Amino acid sequence: MSASLVRATVRAVNKRKILPTRAALTLTPSAVNKIRVLLQEKPEYIGLKVGVRTRGCNGLTYTLEYTKEKEKSDEEVLQDGVRVFIEKKAQLTLLGTEMDFVESKLSSEFVFNNPNIKGTCGCGESFSV
């Protein structure tokens, strides 16, 4: 008989409300449609990869790239037939974020509505968590 290194206890819990898990990233219908269009133009790619880089006046900025494969440490978000992969470094900063695509007369861009952000720069391109 081997010696036990770790001890575990099991308890039944009654009337406990199960809390819903926060999705790593949710996509608005506008973002889904734009990603679908982008990927139709580049059939060799399987999805978009979202990452963060140290840059800007407030610390971090988002990166978006086409990807041909899922890396081992990437988290995959599959929504309405489109695939978005989140780099390992970005996973905690994006938790619970909504990705939208917004078009105006002057610009069209993906917008990340992130509840984890503590501060942003004046131009809105960099953030801190």
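Is E76 buried, partly exposed or exposed? E76 is partly exposed, at 32% relative accessibility. Here, buried means under 20% relative accessible area and exposed means over 50%, with partly exposed in between (1.4 Å probe, protein chains only).

1. **Basis.** This is a predicted model: local features need pLDDT of at least 70, side-chain atom pairs count only at pLDDT 80 or more, and totals for chains, interfaces and linings use all residues. Residues are numbered from 1 along each chain as its sequence is written, and side-chain values use heavy atoms, with hydrogens and water left out.

2. **Elements.** The protein chain has 2 helices and 9 strands. Both kinds of element are DSSP runs, numbered from the N terminus: helices are H or I with at least four residues, strands are E with at least two. Read from the N terminus, the order is β-α-β-β-β-β-α-β-β-β-β.

3. **Burial and surface.** The protein chain has 129 residues, and 33% of them count as buried. Its accessible surface is about 9,400 Å². Carbon and sulfur atoms hold 51% of that surface. Areas come from the Shrake-Rupley method with a 1.4 Å probe; for residues, only the protein chains shown count as cover.

4. **Contacts along the chain.** A contact means heavy atoms within 4.5 Å. Take the contacts between residues at least 6 apart in sequence: 52% of these join residues at least 24 apart.

5. **Core.** The largest nonpolar core has 22 residues. Such a core is a set of buried Ala, Val, Leu, Ile, Met, Phe, Trp, Tyr and Cys residues joined through side-chain atoms within 4.5 Å. L27, I35 and F110 have the most contacts inside this core. At least two core residues come from each of strand 1 (25-27), helix 1 (29-40), strand 2 (47-54), strand 5 (82-86), strand 6 (97-103) and strand 7 (108-113). Helix 1 gives the largest share, 5 residues.

6. **I35.** Set aside the neighbours within four places in sequence. I35 then contacts L27, L48, V82, V84, M99 and F110. Two of these partners, L27 and F110, are named with I35 among the residues with the most contacts inside the core.

7. **Salt bridge D74-K49.** The structure holds 2 salt bridges. The criterion is a side-chain nitrogen of Lys or Arg within 4 Å of a carboxyl oxygen of Asp or Glu. In one of them, D74 pairs with K49, and the closest N and O atoms are 2.9 Å apart. D74 sits in the loop between strand 3 (60-67) and strand 4 (75-79), while K49 is in strand 2; the two are 25 residues apart. D74 counts as buried at 7% relative accessibility. K49 counts as buried too, at 10%.

8. **Salt bridge E76-R83.** The side chains of E76 and R83 also form a salt bridge, at 2.7 Å from N to O. E76 is partly exposed at 32%. R83 is partly exposed as well, with a relative accessible area of 27%.

9. **T63.** This residue lies in strand 3. T63 is buried, at 13% relative accessibility. Beyond its neighbours within four places in sequence, T63 contacts K49, V50, G51, V52 and R53. K49 is also the salt-bridge partner of D74.

10. **D80.** Check the backbone here. Phi of D80 is near 50°, a positive value in a residue other than glycine. D80 is in the loop between strand 4 and strand 5. D80 is exposed, with a relative accessible area of 56%. Leaving aside neighbours within four places in sequence, D80 still contacts V32 and R36. D80 and R36 are 44 residues apart in sequence, with their C-alpha atoms 9.5 Å apart.

11. **P29.** Helix 1 includes P29. P29 is exposed, at 62% relative accessible area. P29 and D100 are 71 residues apart in sequence, yet 7.8 Å apart in space, C-alpha to C-alpha.

12. **Rings.** K42 lies over the face of Y66, at 5.5 Å from the ring centre. The test for a charge over a ring is NZ of Lys or CZ of Arg within 6 Å of the ring centre and within 35 degrees of the ring normal.
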